[in-house]
Amino acid sequence: MAAHEQDVEQLVAEREYEAGFVTDLESDTVAPGLDEDVIRFISSKKEEPQWMLDWRLEAFRQWKQMKMPKWPHLHYPPIDFQKISYYSAPKSAADKPKSLDEVDPKLLETYEKLGIPLREQEMLAGVEGAQYPTSGSNVAVDAVFDSVSVATTFKDKLADAGVIFCSISEAIREYPELVKKHLGTVVPRGDNFFAGLNSAVFTDGSFVYIPKGVRCPMELSTYFRINAENTGQFERTLIVAEEGSHVSYLEGCTAPQRDENQLHAAVVELVAEDDAEIKYSTVQNWYPGDENGKGGIYNFVTKRGDCRGDRSKISWTQVETGSAITWKYPSCVLNGDNSVGEFYSVAVTRGMQQADTGTKMIHVGKNTKSTIIAKGISAARGEQAYRGLVKILPSATNARNFTQCDSLLIGDKCGAHTFPYVESKNSTAKLEHEATTSKIGEDQMFYCLQRGLSEEDAVSLIVNGFCKDVFKELPMEFAVEAQKLLNVTLENAVG
Amino acid sequence: MISIKNLHAEVEGKPILRGVDLEIPDGEVHAIMGPNGSGKSTLASILAGREEYEVTQGSVTYKGQELLEMDPDERACEGVFLGFQYPVEIPGVSNLYLLRAALNARRKYHGEPEIDAVDFMQMAQEKIDHVGMSMEMAKRGVNEDFSGGEKKRNEIFQMLMLEPNLAILDETDSGLDIDALKVVSDGINRLRSPERSVVLVTHYKRLLEHCVPDRIHVLYQGQIVRSGGPELADTLEAEGYANLETDEAAATS
Ligand SMILES: Nc1ncnc2c1ncn2[C@@H]1O[C@H](COP(=O)(O)OP(=O)(O)OP(=O)(O)O)[C@@H](O)[C@H]1O
Ligand SMILES: [Mg+2]
């Protein structure tokens, strides 16, 4: 653990910054440190209206009163928020690799194993001039490079349907009324430490608006990527589905090889009005650090969906394989009567990875229903905790929840912990909970080996079977990707 | 096909096999009978490469190779198949998926290309019909929520798909109804050919009436104490294993 601290110190030292706040207007990266001036700088860089700046400053004031949560089952050195730089534009073309030849071969090997097409590899590796394909796929992409969205496609097709899909910065400028109406209504600024920080300094993210009665004509996808060194990433995503609308949103990250710990604190807010449905799928593969945990990304995320309308539905599906540290609880607030919340999750920890994840289902409306299926896989010295809260308020007559959390251990140095919390204030609620912890059985392994499979194939087969209930919730293309990712992740996990 | 010489094995320091000698020529079907706990499953597991058993003495040659030096998956790719006495469940992994992975592992091992998806499905359909399973069942998770008899049927289905050179069937006939027994024995008979050998571990004469073995061996307290032709099954059925102790004395002297 001390090693982390030292690295951070050293890296910070190497950054040649002057103590205190210096804004170099020539550079597009702000020096490390956080105060109101930094927030003003970010806001003006983004040409934001006054109300937005005021909103950020208020968030900052609230954040200063807050403390980092101590309760997660995680261990990491204290984070010095004054040593993080809060804004950086994409590297200029001159800094980018000229071709894949200049990119870390290890990273390319991973892309290769994941079957990522060359064009996309160039994109992910940040090769100069690389761009997302603009046709031939039915996935709309909004790429967030570091702090600024640089590529947005499919706008026309979406515009025809009346769907807005753009960066949040653009939305603040172009659709201020929509943003103003919804921003912070699901995750208020004072919600938690990381959400507070994000509200003050978020630099970019996505905005989606689906008008009344519209079924979004394609899957919407964002590739996240961390680019500049030692820069905290603070994405902000807001998705609003009006009455009777429907949208499926994919968030995928393929992280480049990195060297130092990085803070990532995103906020995602979903709003579903009457009869609206939002499906939010994540395949997350931030750099987890080397086998000693060095260099991995710290991922502290607040994701929450508000089933505001009657019969609305929000599903979170996530496959988490990356990050040194993951702290994440996608949640649903079931306000509308007959609304439905779902959470399907596969989390993998290996090496020194730590994850504390889970979900919260807050039942407010009548006949609300929630389903939680969480699959945790730990290998090597990976540690993970599932933390789930199901809360039934007095108003939630006939609420139902089904929770199933299963842990699979590979090897005997890893750990899995489950913390299910249930608070029911209405006696008509029906709650079911199932939990299992199993090791990959010797019998299962031997059965597969006896049929001719190699040890690695046997593990991946058993693990994929274990995750099937979650994978089947993912959109087809994503499910295939997730499966591959899992196989690559668990390579060399046994033996 | 396989030649077992003076095989001794123990688990957790407890000796289980105490000098097994057994020779199975190409194309022959041999049955191994013997009381509960005599070491039949242990022998089968050792041949398939299960690691928890420690071989302390002896050797096994299979198709001219030292079997005990090969990894379990290598043995499988070389054509050794074990029909498990208690087939394990692998939730969420479809039977067909496992079989396709298994077939492709073999092909890769022999330097052949992967099986074509259409060919595979055709082959699967054919074998499913042979064992009277449904496609729905073949697609279900491996042995997931299968009845005891269904699991055994599934082992035979897998055997037919994998076309092993040496099939070791550990009590595949136990717990079967009359129709299933016929399926299992038909499956075994279908596999019989000059280049394949079969070891049937069984407690019951009725299987041996459907698949008449070339030889029957009796394993008792970790040794083969008696061998004979198919008629030995009748003798055992009539007399039980009571007289074996004298046989053992004869065998060791
Ligand atoms: N893993 C193990 N640990 C301890 N003892 C074992 C183990 N495996 C087998 N044994 C013991 O070895 C002996 C032989 O067992 P085995 O399963 O080979 O018998 P079997 O002949 O197949 O019996 P059955 O007819 O009941 O199937 C038994 O006494 C059994 O308890
Ligand atoms: Mg047995």
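A residue counts as buried here when its relative accessible area is under 20%. Keep that cut-off in mind as we walk through this structure, which is a predicted model.

Let's start with chain B and its helix α1, which spans residues 40–48. This helix is mostly covered, with eight of its nine residues buried. The buried ones are B:Lys40, B:Thr42, B:Leu43, B:Ala44, B:Ser45, B:Ile46, B:Leu47 and B:Ala48. Step just past the end of α1(B) and you land on B:Gly49, whose phi is positive, at about 105°.

Now for the aromatic rings. Searching the whole structure turns up 16 aromatic pairs over all chains. One to look at is A:Phe193 with A:Phe194: the ring centres sit 5.2 Å apart and the planes meet at 90°, so this pair is edge-to-face. The angle settles the label because planes over 60 degrees apart count as edge-to-face. What about accessibility? A:Phe193 comes out at 7% relative accessibility and therefore counts as buried. A:Phe194, at 1%, counts as buried too.

A:Phe193 and A:Phe194 form one aromatic cluster together with A:Phe60, A:Trp63, A:Phe81, A:Tyr298, A:Phe300, A:Trp327 and A:Tyr329.

Finally, have a look at where charged side chains meet rings. In chain A, A:Lys375 lies over the face of A:Phe466, 4.9 Å from the ring centre. Chain B has an arginine in such a position: B:Arg100 lies over the face of B:Phe120, at 6.0 Å from the ring centre.

Conventions
Residues are numbered from 1 along each chain as its sequence is written. Chains are lettered from A and ligands numbered from 1 in the order in which they are written. This is a predicted model: local features need pLDDT of at least 70, side-chain atom pairs count only at pLDDT 80 or more; totals for chains, interfaces and linings use all residues. Side-chain values use heavy atoms; hydrogens and water are left out. Rings of Phe, Tyr and Trp (its six-membered ring) pair if their centres lie within 6.5 Å; planes under 30 degrees apart count as stacked, over 60 as edge-to-face and the rest as tilted. Buried means under 20% relative accessible area, exposed over 50%, partly exposed in between (1.4 Å probe, protein chains only). A charge sits over a ring if NZ of Lys or CZ of Arg is within 6 Å of the ring centre and within 35 degrees of the ring normal. Helices (H or I, at least four residues) and strands (E, at least two) are DSSP runs, numbered from the N terminus.
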